[in-house]
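Q: Please take a close look at the charged pairs in this structure. Which side chains meet, and what surrounds them?

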Amino acid sequence: MAGRQHRETEIARRIRAKGLAAGRTSAQIADEIHEQCTSQFGTSRIKAHRLSHGIALADVVEQIRALFERDDKSMPGIGETLLSAYESGLKRPGPEYMHYLCTVYRVEPHELGYDGPCICGRGHRLQVVSAVDVKERPLLPTERELLLKPMVTEPEAEEDENILRRTLLNLLNAESRLVTTLDGPILGACEGIRRRMDETLVSATVSAAMLDQWEEATLSFGRQYTTTAPLRLLCDVLLEMSAVRTAMSRRQPIDLQDRLLRMAAQLSGLSGMIMINLGDHRLARSFFRTGRTAADETGDRALRAWITARESLVPLYFGDAREALNLAKKSRDLAGNTPCPAQAMAPVVEARALAMLSGQESKKEVVDQAKRALARARNAFSHMRTEDQEDMAFGYTEKQLYFYQGDVLTKLGQTLEAEVVLDQALEKYEDHILDQTLIRLDQAQCRMIDGELDSALDIGTRALRMVSDEYLTDFIMRPALALEQAIMARDANHSKLEEFRAELRRPRAQLKAGGA
């Protein structure tokens, strides 16, 4: 490898010498180096630019540090190893490092081999900035001095927001008993807001004070995830997401852009979680995909791993345990050794997927494999930050660990252990009716597996009776219908089946189209 690198450097040095003698620019020399060296050495465009300047990795690091110091920023964590990863294609520079690399080489991102404009919104080509220029040029609006200018909302976006606002008003009407159905207009509004966020993520000023408010609102929505009906919360989340998207459609200083991207990822991920609760797996996957796009731009491994772990629940709940297992492993790889919620969440999904793949006739090795995954989850949970252990949406809590451990044991047919854990989980869930109901349906499954059909139907009927119409979504209906089918396979004429079916199929009011 050292020999190849030496030959690559020698060829680049000759091309540079001839180019300088002919009066070519560094960018032109870089193009020639890339053209001649790529086929033989796999030379990337970003590396070709460094070779065209005749400098080493250490020189680039020092130039970037000098630029950070010039801009009164704390010293960056960039080093030769990271730069080498950029040049080999193993990593992609984040928005801030991209800006400074473009400044060093005096080119635009596409000339370094990356799509999209630079985050600064200004050209870098042949940009020479003297110390005098730095003092005399107008400062960019940064941090808390940045004022939010009036934002213009597109007609299409405004109509989508109005649909969600009408839906929210309907849901808040104390006199109505409306069920949470996702009809055409509501689905269209959800998809419209998500799609425009996708479009904005590839382009993108807002006050830091406004960002503080949006970040607090995002955390608040995460807390409400356990207590607010899914469709009502979805309207609030997407209206906030639409506001963030409108702000991102205009160029941001680097430090504010990163905060906006994090909110975009969290709000998209939360929307995907709510879509799971509402039973729409297609839109759930779309929102998680949008969340991944935003999270990738932040370069935050923990955030990327969280999005992927949450996404793995879509195939888990909607019938593809093998894909759920693959996504859970991907989340675990993304998290690496970083203590974060995904480190606990991903192994739990692995265990649940293994249990689903094995069926109730679980072989000992599958049971042992699933239990080892649960042990990894408990160990990872013990190393998480306290604030993450208390966050139901963006973190992972002890009660979630109990619930999902009980669910795994139920699916493995380990009913004695499952019932103990499910009882502990139910004691901890005082404010989340969806999970309370799922826990009770797991308890009913345990009784059914043990042949106690009377008790299973009593628990199942009581669980459904406690759920109001706005929570009785497809997310709850699926395990309830699975319980009905399992009991019918054992005793299709059981005396308590009719009572369970009546509660399962009780008439519900329908939400008016578009929330009007």
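Charged pairs and their surroundings

A: Glutamate 8 and lysine 47 are both buried. Buried means under 20% relative accessible area, exposed means over 50%, and partly exposed lies in between (1.4 Å probe, protein chains only). This is a predicted model, in which local features need pLDDT of at least 70, side-chain atom pairs count only at pLDDT 80 or more, and totals for chains, interfaces and linings use all residues. Residues are numbered from 1 along each chain as its sequence is written, and side-chain values use heavy atoms, leaving out hydrogens and water.

Side chains of opposite charge can pair when their charged atoms come close. Glutamate 8 and lysine 47 form such a salt bridge, 2.8 Å from N to O. This pair links distant parts of the chain: glutamate 8 sits in helix H1 (residues 2-21), lysine 47 in helix H3 (residues 45-53), and 39 residues separate them. A helix here is a DSSP run of H or I with at least four residues, numbered from the N terminus. A salt bridge needs a side-chain nitrogen of Lys or Arg within 4 Å of a carboxyl oxygen of Asp or Glu. The structure has 35 salt bridges.

Lysine 411 is bridged to aspartate 407, with the closest N and O atoms 2.8 Å apart. Both residues belong to helix H20, four residues apart, or about one turn of the helix. Their accessibility values are 28% and 4%. Lysine 411 is partly exposed because its relative accessibility is 28%. Aspartate 407 is at 4%, so it counts as buried.

Now look around helix H20. Helix H17 (residues 341-358) packs on H20 at an angle of about 20°, with their axes 8 Å apart. Axes are lines fitted to C-alpha atoms, for helices over the stretch in contact, and angles run from 0 to 180 degrees between N-to-C directions. H17 and H20 are therefore roughly parallel, a label for angles under 35 degrees. Their crossing is left-handed: the near helix is turned anticlockwise from the far one by less than a right angle. H17 brings Val348, Ala351, Arg352, Ala355 and Met356 to the contact, while H20 brings Leu401, Tyr404, Asp407, Val408 and Lys411. These contact residues divide into seven nonpolar, no polar and three charged. Ala, Val, Leu, Ile, Met, Phe, Trp, Tyr, Cys and Pro count as nonpolar, Asp, Glu, Lys and Arg as charged, and the others, Gly among them, as polar.

Threonine 410 is also in helix H20, which spans residues 398-411. Threonine 410 is buried because its relative accessibility is 4%. Leaving aside neighbours within four places in sequence, threonine 410 contacts Ala418, Leu422, Asp442, Gln445, Cys446 and Ile449. Contact means heavy atoms within 4.5 Å.

One further pair lies elsewhere. Arginine 505 forms a salt bridge with glutamate 484, the closest N and O atoms being 3.0 Å apart. Arginine 505 is in the segment after helix H25 (497-504) and glutamate 484 is in helix H24 (residues 474-490), so the bridge ties together parts 21 residues apart in sequence. Arginine 505, at 47%, is partly exposed. Glutamate 484, at 5%, is buried. Salt bridges can also share partners: Arg285, Arg292, Glu311 and Glu323 are joined that way into one network.

Conventions: Helices (H or I, at least four residues) and strands (E, at least two) are DSSP runs, numbered from the N terminus. Angles under 35 degrees count as roughly parallel, over 145 as roughly antiparallel, 65 to 115 as roughly perpendicular and the rest as oblique.
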